[in-house]
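Cover the strand pairing, the helix packing, the chain contact and the annotated domains.

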Amino acid sequence: MDLSFSPEYEAFRKEVADTLAANAHLAPTPEDRGMKNAKRQAWQKLLIENGLAARTIPTEYGGYGAEPDILKSRIIAEEFARTGLPRAMSNQGISMLVPTLLELGTPEQKAAYIRPTLHGEMIWCQGYSEPGAGSDLAALRTAAVSDGDDYVINGSKIWTSTAKQADMIFCLVRTDPSAKKHEGISYILFSMDTPGIEVRPLVDMTGTANFNEVFFTDVRVPKSGIVFAENKGWQVANATLTHERGMLGDPNATKARLVELVELIKTERVNGERLIDNPILRDRLLKLQGEVYAMQANGLRITTHNLKKESAGLAGLVVKLMGCDLNHEIARLAIDALGELGIMYETGEHLRADGSWQSRYMYDLGLIIGGGTAQIQKNIIAERGLGLPREPKLAKA
Amino acid sequence: MEFALSEDQRMLQDSLSGFLKDAAPLDTIRKIATGDKVAADALVTGLDDFGLSGLHVAEDHGGLGLGLLDACLVQEALGYAIAPSRFMATTVTAHALRHAGDAHLPAIVAGEMRMGLALTELSSRRDGAGVTAEKGRLSGTSLLALSAEESTHMLVADAAAGLHIVETPDNVSMQTIDRTRVFSEVRFAGEESEVSLKPDDEALAVARLLAAADTLGAAQAMIDKAVAYAAERQQFGRVIGSFQAVKHMCAEMAARLEPSRALIWHAAHALDTGEPEGLVMATLAKSHLAEAGTFIARTSTEVHGGMGFTDLVGLHYWFKRIGANRQLFGSPEQCRMDAARLQGWLAA
């Protein structure tokens, strides 16, 4: 057990801090909206050139080309958190498609897509879930029928974030309807400008269209967009789903929220009394603090397993379930602490924290469901972590 | 940076767990719980051979010089086996005496001084009890003292939060839910304080951390038993562990406990290295493990169905050990209030 960093890493930390301090004036602000905002793209370019984004992606594909080093990644994340400067761009193209292409893409696909994706010049959306295929993703039915050098795609996708802004989609389609359900799926890339694609915003409980529905009617796309091989899409998708689950429930993000909550409860007053002096609210706050400490320590344990290239076992399997639930509970307490003002939303003079607690409370419920529901997570923990048997398959009628 | 147990730490825990598996099976625990002194003495003697009494004593004083992280691993193994042991009392005393020179530590290591622990005054003093120190002598009553029976000396807290080492006075055992350990009412009648220590928050934090580690072990045992039972017990023509209702109970238990393990490690390491957050972490580890442990004690019993409720299966010994740990050294609410105080969050 040693939580200190060696001199080499402390020197690296200083280097990162110096780079961030020297360039802080170039950072985009919340006013710089939009996924293709020029200032954001310039910031991303600067971060990549300094090894603070796309750090381990080879230079030939537009990355920085460093050796993977989990501790350096951690130090970079800590320095962004400390300075409050905007982090590297994070979107589904960067976090899910790029690792997939690096592992399984053709040379042409790598050359065409990785560089512009990393630089925020090409935006992607993910076409996985369907109205009839949620937790049972492999039941997806969007059909791609072979026609010469093309496929003709018909069907629909749901929960497609950034579909409106996206230039391209990475999509799961059924290419062999006669095969077993996991064996007839392909992973294919195509342009969102292809004729026959309709995107309809899906307004959720937060009042915002964070997601969309996407409809395909006789959408003709080239077969060259297949990643890895026809009918091997399930293996390709599983490679990326691992990346998605790893992103949800990050304990450092949870810690940052707790810090905000502590600040709220220490500063806000009701009837002239500080909220922190209310023993019930204080008790709830301390309870959450204990849980945040536990998830942070669990995160350190996972980091060490990753460094040693070992499986983190149960410690890793529980992160999505516990982390997303904890975020939701932190927002719940913030709302309760605000009392009647806790129902204020979106605008108004008396809004606290820009109304973010209410929107987070609702959005976090979406994250408890999305990315593998809490119940699916429990199946995974019980089956892979504890070795309990799978649900027996229903006999075919 | 490495957040993991060392090879030595894993070996320490494995060898102790292996010993306890043979030396303290449920039949033996059952005998001890129903007052079999021979069985209890045999187990205590066996544990003494592990050198546990000197584990957290500096090498200068003849001990092994190991830290609280190692102590937590030992306590976790004891909790897993729900074994009675003087280890908690000894370790808290050794920690309290760490800056107090050579007067008592070698005798503790050698087993000549056998320690009991009476810290109620630090956590939850009740009407009808209380210990005061005047001119170096103690008077009054301490409740639910640990390992007082057959101890030679005790670490005692007084009403002003001072700590004392005294010879063990008259004491009577108190009947509690947890028969795996003896709890005592200790009556002080002017015993002389051999060592007086100024109030400091660490002794209580260490006691709480060890109680949390004990619960960690006991709760892990309850999960293991539930999972084994769910994988074997059949109803409706299949093992009950294949039903999601049962499977999810098991998953929830594991999801609550696994991060708690890392919390214990982190809190112990923070106290060992003098990190300022160590006291808060240890205090919150106690309340956090109390909540997780209570959930697991209940849920594991439910997974066992009616058998979980019987004396025959003996699951209740773990249920009660976890239940007792929850109350000892302050309830979860008390711990959380103390953690607020330690962070300066209470109004002056």
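In strand β7 of chain B, Phe183(B) is the bridge partner of Leu146(B). Strands pair if DSSP finds at least two bridges between them. Helices (H or I, at least four residues) and strands (E, at least two) are DSSP runs, numbered from the N terminus.

This is a predicted model, in which local features need pLDDT of at least 70, side-chain atom pairs count only at pLDDT 80 or more, and totals for chains, interfaces and linings use all residues. Residues are numbered from 1 along each chain as its sequence is written, while chains are lettered from A and ligands numbered from 1 in the order in which they are written. The model scores ipTM 0.96 and pTM 0.94. Chain B has a mean pLDDT of 95, and 100% of its residues reach 70 or more. pLDDT is the predictor's confidence in each residue, from 0 to 100.

**Strands of chain A**

β2(A), residues 143–147, and β3(A), residues 150–158, run antiparallel and share five bridges. Asp147(A) stands opposite Asp150(A) of β3(A). The two strands form a hairpin with two residues between them. Gly148(A), in the turn, has a positive phi of about 65 degrees.

β3(A) also pairs with β7(A), residues 211–222, over eight bridges in the antiparallel sense. Ile153(A) stands opposite Val219(A) there. β7(A) pairs with β6(A), residues 197–202, as well: six bridges, again antiparallel.

**Helix packing in chain A**

How do α7(A) and α10(A) cross, and at roughly what angle? The axes of α7(A), residues 251–267, and α10(A) come within 10 Å and cross at roughly 10 degrees. Axes are lines fitted to C-alpha atoms, for helices over the stretch in contact, and angles run from 0 to 180 degrees between N-to-C directions. The two helices are therefore roughly parallel to each other. Angles under 35 degrees count as roughly parallel, over 145 as roughly antiparallel, 65 to 115 as roughly perpendicular and the rest as oblique.

From α7(A), the contact residues include Arg257(A), Leu258(A), Leu261(A) and Ile265(A). From α10(A), they include Leu326(A), Asn327(A), Ile330(A) and Leu333(A). Residues are in contact if their C-beta atoms, placed from the backbone, lie within 7 Å. By class, this contact has ten nonpolar, three polar and one charged residues. Ala, Val, Leu, Ile, Met, Phe, Trp, Tyr, Cys and Pro count as nonpolar, Asp, Glu, Lys and Arg as charged, and the others, Gly among them, as polar.

**Where the chains meet**

41 residues of chain A are in contact with 38 residues of chain B. On the chain A side, α8 (279–307), α9 (314–317), α10 (319–338) and α12 (374–385) each supply at least two residues. α8(A) gives the most, with 16 residues. By class, this side has 22 nonpolar, nine polar and ten charged residues.

One helix pair spans the two chains. The axes of α12(A) and α9(B), residues 244–272, come within 8 Å and cross at roughly 80 degrees. α12(A) and α9(B) are therefore roughly perpendicular to each other. α12(A) brings residues including Lys378(A), Ile381(A) and Ala382(A). Among those from α9(B) are His248(B), Ala251(B) and Glu252(B). By class, the contact has six nonpolar, five polar and three charged residues.

**Annotated domains**

Positions are given in the numbering used here, feature names are shortened, and annotations may be inferred rather than shown by experiment.

| Domain in UniProt | Residues | Helix and strand | End C-alpha atoms apart |
|---|---|---|---|
| Acyl-CoA dehydrogenase/oxidase N-terminal | 6–121 of chain A | 59% helix, 0% strand | 37 Å |
| Acyl-CoA oxidase/dehydrogenase middle | 125–219 of chain A | 0% helix, 48% strand | 16 Å |
| Acyl-CoA dehydrogenase/oxidase N-terminal | 6–103 of chain B | 61% helix, 0% strand | 32 Å |
| Acyl-CoA dehydrogenase/oxidase C-terminal | 202–341 of chain B | 76% helix, 3% strand | 14 Å |

Conventions: Two residues are in contact if their C-beta atoms, placed from the backbone, lie within 7 Å.
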